[in-house]
Amino acid sequence: AAAAAAAAAAAAAAAAAAAAPAAAAATGAPALLRRGTVRAPAVPPQQPPPVLGAQRAHPPTREPVESGPVRRERKDLVPMHGNQTTYNLNTLLHSNIMASEYYKSLAGFLSWEQVIDELYDKVYHVEPWSTGTSRTPSTAFCILCKLFFMRLTRKQMSLMLKNRDSVFIRCIAMLFLRYTCPPKDLYGWLEPYLEDEEEVKPSSDPSVTMTMGEFAIKLLTDMQFYGTMLPRIPVPIERRIKAMLLLLEQKQKRRVANAKRMELFTVGANVRAIYADEENEPAWYDAVIDRQEDDTTFVVTFPEYGNTETVDLGEMQPAVDDAATGDAGGATAASSSSAADGGDGRGRKRSRSRSRDRGMGASEADLMQEVLRRDRERVATDGKDYASRPTSYKGSLSLALDRYTHRRRSPDRSGGAAGGGGGDRGSGGAGSGGGG
């Protein structure tokens, strides 16, 4: 019995010694070794050889953690030109907008529709400064700056330009284009609205009224907009825009003249019509009237090219007037087209590429000469007091205070009008100083 008990104790001790390393590995404690044994050195795991140069393995990348809604990149945005920080606004005006509490409150508007609703409710004029001050930015320009930051798509811009709920939505859209649109694309955006007859009161003065067409032309031709500077348009593009506006004036005059002889513009009549596209300058071409859409819109076919276009009454003239007409479009005789084209029968190819020798070259030079002449006259006679006495020192100091704000004429200062007073605070100071 004693021998059996000793054998059982020895077996239990051996089993405990065998289980000790496994328990130590599980708990992290060092295993108990029998006396006289030597611990084997730990063998480090083998590392792969380093890869040099272009064969270096890329480290594993972590998957991005989405902390909020993913903002999808919008396509077909209206391109923005110039300074992407101030959006080509006057530096003082931009800094005042950024510091405005109202502009900061617009941060809660996250969609374009919300901003348009705010514009519809809060904007009553589009001057850059609030009424009665030249330090507080107007609501209109705060919302305009918000739209700059949001960026607009072409569809959104088109909807704003065609909006009929509020005329100020259309004005803000045109100002957006005037400040940030690439100059070469500006006329193309505003051209469809140059003859828009909808009335607008852009100023805080309710007596100032103009049409949307006049407002668009003002943005294209003026550098000043109610006391702030508009971005400068490169001279070649500016002169080209003025030439196109001169053609518009001549088209309007021709429309009035043609309205008095509508019997010459019947279906099937041979006329001369103006055609232009991205590749061809405006020029006169032989055409035949297919049908009349309304009082001033006709559908004509150009026999030489086979294409059908919609033209305005002011863009046509009777074929019998070819030899005597040298107006707006700069047309020469229709019979000269074959000589200008070299008699190669371009009409059979139906190519949309027009010849530039349609008599428009000389007319374009004449248009540029007229544009330069008007510019010289405008510079020489800019303002009504170009030959008046210079303003005194005291008067010049008052000009710096709210110069471009609207002030009602005071009824008890009617006598001050002769001395230049009675206007806004700045102009009143100038009159008093000049009179002194």
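Predicted model: local features only at pLDDT ≥ 70, side-chain atom pairs only at ≥ 80, totals over all residues.
Let's start with a pair of helices: helix 6 (residues 154-161) packs against helix 7 (residues 167-180) at an angle of about 135°, and their axes lie 7 Å apart.

**Where helix 6 meets helix 7**
- From helix 6, the residues in the contact are Met157, Met160 and Leu161.
- On the helix 7 side, they meet Ile169, Arg170, Ile172, Ala173, Met174, Phe176 and Leu177.
- Sort the residues of this contact by type and you get 9 nonpolar, no polar and 1 charged.

**The buried side of helix 6**
- Which residues of helix 6 are buried? They are Gln156, Met157, Met160 and Leu161.
- A handy rule here: an α-helix has 3.6 residues a turn, so residues three or four places apart point the same way.
- The cover over the buried residues of helix 6 includes helix 7, along with helix 4 (112-122), helix 5 (139-150) and helix 8 (183-190).

- Strand 7 (residues 297-301) and strand 8 (residues 308-312) run antiparallel, and 5 bridges join them.
- Thr301 stands opposite Thr308 in strand 8.
- Between the two strands of this hairpin there are 6 residues, and Gly306 takes a positive phi near 80°.

Terms used:
Residues numbered from 1 in each chain as written. Heavy atoms only, no water. Axes fitted to C-alpha atoms, helices over the stretch in contact; angles between N-to-C directions. Helix = DSSP H or I, 4+ residues; strand = E, 2+ residues; numbered from the N terminus. Contact = heavy atoms within 4.5 Å. Nonpolar A, V, L, I, M, F, W, Y, C, P; charged D, E, K, R; others polar. Pairing = 2+ DSSP bridges. Buried < 20%, exposed > 50% of the residue type's maximum accessible area, 1.4 Å probe, protein only.
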